[in-house]
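Subject: Structure for your files

Hello,

Here is the structure I said I would pass on. My notes on what was found in it follow below.

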Amino acid sequence: MTWSDYLLLVAAMGAVTYLPRALPLLALARRRLPQGLVDWLGLIPVALLAALIAPILFADGATRTLTLGRPELLAALPTFLFAWKTRSLGGTVLVGMACFWLLGGR
Amino acid sequence: MTENLETSADVPREGWLREGMAAAWPICLGYLPLGLALGVLARQAGLGPWEVGLMSVLVFAGSAQFIAVAMLAAGSSVGAIVATTFVVNFRHFLMSSALAVPLAGVRRGFLALFAYGITDESFSVNLARFRQGGWDRWRALAVNQSANAAWVAATVAGSLAGTFIPEGAFGIGFALPAMFLCLLVFQLQGRIHLLTALIAGLVAVAWYRVVPGDSYVVVAAVAAASAGYALQRRRRGSQP
């Protein structure tokens, strides 16, 4: 692949990544949204976070099978409790890493 | 249960950069091993530090870049790589939509710049902060761009360092999952949010097992938010 081919590739990758990041914000932020949409969007963060984290904890990334007892899930339990008790983001990250490391996760 | 979001006008501008960077450090820590690993893989696929850095600046999307590097190594066509990137990163349209609520009324130039830095991680941190209050668009932008700088630096460093990176040291691979867990805890306020999270997790795992690719994120988030919204309406409707 030549340098100009590569430039074209990453520019196109950048464009198709940027558009879904920008268009909804530009379209929605400057108009008055119906309350129903605001309520629905208010549930998007919690839904996205749970959707992102659940497969990491409960499924094997290589085989995509349900697996209980991986270091990710075992480390998640004390991490979750620590987050619940302390509400400290930085502390939770460090405690999570330590638990994961002690449980032999990589 | 309308979100009580402070408007930016209530938050003093002073200290925005420092506070934004302080909020971003867990993201930067998590990006370090990922970016290093991507740089190493990219080098093995024949990409130099400049090429990796350029991709990180222009695309700034972790999982899509990993896939792109693997596809480049496998000799895939430009069209296939671009199409895959679009599909993998399409989930950001949901985050961009949700950010329209706390960033309501902000001028277009700022929004266009801000949109560049919307990732799973910066979105989650910023939404949690907006929810807590005392957060504004400048602090949020500082989170985005700190994460961006860490990502570009880590990927270039991985490319320069070459093959030897100690893998899995200090459990650093769990930094981002732990951060997501904590941000999820912040979001669990009330029954509706708890139920929405449970539905999202169940749908995501079920979809993840059956359907290849990353569509599980968007599918589960839309399904769970819609179910949660329906529950919220019903509960409101049944109240006197």
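In this predicted model, the axes of α2(B) and helix α8 (residues 137-161) of chain B come within 9 Å and cross at roughly 160 degrees. Angles over 145 degrees count as roughly antiparallel, and α2(B) is therefore roughly antiparallel to α8(B). The crossing of the two helices is right-handed. On the α2(B) side the contact is made by B:Pro49, B:Val52, B:Gly53, B:Ser56 and B:Val57, and on the α8(B) side by B:Trp151, B:Val152, B:Thr155, B:Val156, B:Ser159 and B:Leu160. By class, the residues of this contact are 7 nonpolar and 4 polar, with no charged residue. An α-helix has 3.6 residues a turn, so residues three or four places apart point the same way.

α2(B) also meets the other chain. Helix α1 (residues 3-28) of chain A and helix α2 (residues 49-58) of chain B have axes that come within 8 Å and cross at roughly 25 degrees. Since angles under 35 degrees count as roughly parallel, α1(A) and α2(B) are roughly parallel to each other. α1(A) passes α2(B) in a right-handed crossing. A:Tyr6, A:Val10, A:Ala11, A:Met13 and A:Gly14 are the α1(A) residues here, and they meet B:Glu51, B:Leu54, B:Met55 and B:Leu58 of α2(B). The contact of α1(A) with α2(B) divides into 7 nonpolar residues, 1 polar and 1 charged.

Which residues of α2(B) are buried? They are B:Glu51, B:Val52, B:Gly53, B:Leu54, B:Met55 and B:Ser56. The cover over the buried residues of α2(B) includes α1 of chain A, as well as α1 (16-44), α3 and α8 of chain B. After α2(B) comes B:Phe60, which has a positive phi, near 50 degrees.

On the contact between the chains as a whole: 78 residues from chain B and 62 residues from chain A take part. Helix α9 (residues 175-187) of chain B gives the largest share of the side of chain B that touches chain A, with 11 residues. That side of chain B has 56 nonpolar, 16 polar and 6 charged residues.

Chain A on its own has 4 helices and 0 strands, and its elements run α-α-α-α from the N terminus on. Its radius of gyration is 20 Å, whereas a compact globule of 106 residues would have one near 13 Å. Along the principal axes, the C-alpha atoms of chain A fill a box of roughly 50 × 45 × 30 Å. Of the 106 residues in chain A, 46% are buried. Among contacts in chain A with a separation of 6 or more, 30% are between residues 24 or more positions apart.

Two arginines in chain A are worth a note on backbone geometry. Most residues other than glycine have a negative phi. A:Arg64 is not a glycine, yet has a positive phi of about 60 degrees. A:Arg64 sits in the loop between α2 (35-58) and α3 (71-86) of chain A. Is A:Arg64 buried or exposed, or partly exposed? A:Arg64 counts as partly exposed because it has 16 C-beta neighbours inside 10 Å, and a residue needs 20 or more to be buried and 12 or fewer to be exposed. A:Arg87, also not a glycine, has a positive phi of about 55 degrees. The place of A:Arg87 is the loop between α3 and α4 (89-102) of chain A. With 13 other C-beta atoms within 10 Å, A:Arg87 is partly exposed.

The last item is a loop residue of chain B. B:Ser76 lies in the loop between α3 (62-73) and α4 (78-89) of chain B. B:Ser76 counts as partly exposed because it has 15 C-beta neighbours inside 10 Å. Apart from its neighbours within four places in sequence, B:Ser76 is in contact with B:Met71 and B:Ile81. B:Ser76 and B:Tyr116 are 40 residues apart along the chain, and their C-alpha atoms are separated by 26 Å.

Regards

How values were computed:
Residues numbered from 1 in each chain as written. Chains lettered and ligands numbered in written order. Predicted model: local features only at pLDDT ≥ 70, side-chain atom pairs only at ≥ 80, totals over all residues. Contact = placed C-beta atoms within 7 Å. Nonpolar A, V, L, I, M, F, W, Y, C, P; charged D, E, K, R; others polar. Rg over C-alpha atoms; globule rule 2.2 N^0.38 Å. Axes fitted to C-alpha atoms, helices over the stretch in contact; angles between N-to-C directions. Parallel < 35°, antiparallel > 145°, perpendicular 65-115°, else oblique. Left-handed = near helix turned anticlockwise from the far one by under 90°.
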